[in-house]
Amino acid sequence: MAYASTTMIIKTTRDIIIVSDIDGTLMDHEYDLSPAIGTIKWLQQLGIPIVLCTSKTAAEVKVIRDFININDPYIVENGGAIYGSNPKTNEEWELILGRCYRDLRDVLDRLSNDIKFQLTALNDLGYKDIKKLTGLNDSQVTLALDRHWSVPFLNPPEEYQLILNNYLDLYDINIYQGNRMSHLLGRNSHKGKAVSALKKFLNKSGSSIIALGDSPNDLPLLEIADQAIVVPGVNGPNQSLINDLMRNNINYILAPAPHAKGWSFSIRKLLEEYYL
Ligand SMILES: [Mg+2]
């Protein structure tokens, strides 16, 4: 019986990939993901990969992967690059999709001139201000500043955010607004493009993507998912993201609890109902 059940699970779950945002989705705003640990272990037992897909840097994600003990590929800097290792040889690989930091940092200065408002890159702030803004400690800040493919900057006042949208074509960029700050990226790199590139690289074009996110920078990820899951915060879901999803006619499941708790519940319910 156990054998039959195992065979069925392998047969029905082998082509699923979970792709998850980290901040606000898998982790709460205190960077706690402990309510998801049991579900992460359960997914590993089922052989379902968990691809972390985040605005964080590779240096930051490595620490989280070690903590939760997963070896699956990971997407960093909002889709700027993908990293992984060959499970047989342990040889590491990388796929670069983004524009380099120096180039994007130059664009941020040009944008400041264009909109006549000084945009402030996260990397230009002192440790004290970054710690206050992010709640990270000194060593975590060092990892967060190890940027190569995106420029996070302080959210400007709302009127300037709207004006910035007029310059996206001119500089061939995208700007995604997260909960704490905005992210400037080359137009060829976002979370959705990164997932498509990863599937192609792994020769898994037929795999089903279950994607989880919490804010508008996750829209490109939720758009390309076979099943999108929106994870709310303690005060409910991000309304801009919900509006974007509705405007684009994207079906989604709203997790019934915030952060890691909702993450775990939604994944278990979905897999138990439709795949296991
Ligand atoms: Mg997030």
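Residues are numbered from 1 along each chain as its sequence is written. Because the model is predicted, local features need pLDDT of at least 70 and side-chain atom pairs count only at pLDDT 80 or more, while totals for chains, interfaces and linings use all residues. The average pLDDT (the predictor's confidence in each residue, from 0 to 100) is 92 for the chain, and 95% of the residues score at least 70. In residues 1–11, however, the pLDDT is below 50, and this stretch has three contacts in the model beyond near neighbours in sequence. Two residues are in contact if their C-beta atoms, placed from the backbone, lie within 7 Å.

Strands are DSSP runs of E with at least two residues, numbered from the N terminus. Two of them pair if DSSP finds at least two bridges between them.

| Strand | Bridges to β8 | Sense | Opposite residues |
|---|---|---|---|
| β6 (residues 151–154) | four bridges | antiparallel | Leu-154 and Met-181 |
| β7 (residues 173–177) | five bridges | antiparallel | Ile-173 and Gly-186 |

Strand β8 (residues 181–186) is largely enclosed by the rest of the structure, because five of its six residues are buried. A residue is buried if 20 or more other C-beta atoms lie within 10 Å of its own.

Leu-212 belongs to strand β9 (residues 208–213). Leu-212 is buried because 28 other C-beta atoms lie within 10 Å. Beyond four places in sequence, the contacts of Leu-212 include Ser-20, Asp-21, Thr-25 and Trp-263. Ile-229 is also in contact with Leu-212; the two are 17 residues apart in sequence, yet their C-alpha atoms are 4.7 Å apart.

Definitions and conventions:
Buried ≥ 20, exposed ≤ 12 C-beta atoms within 10 Å, placed from the backbone.
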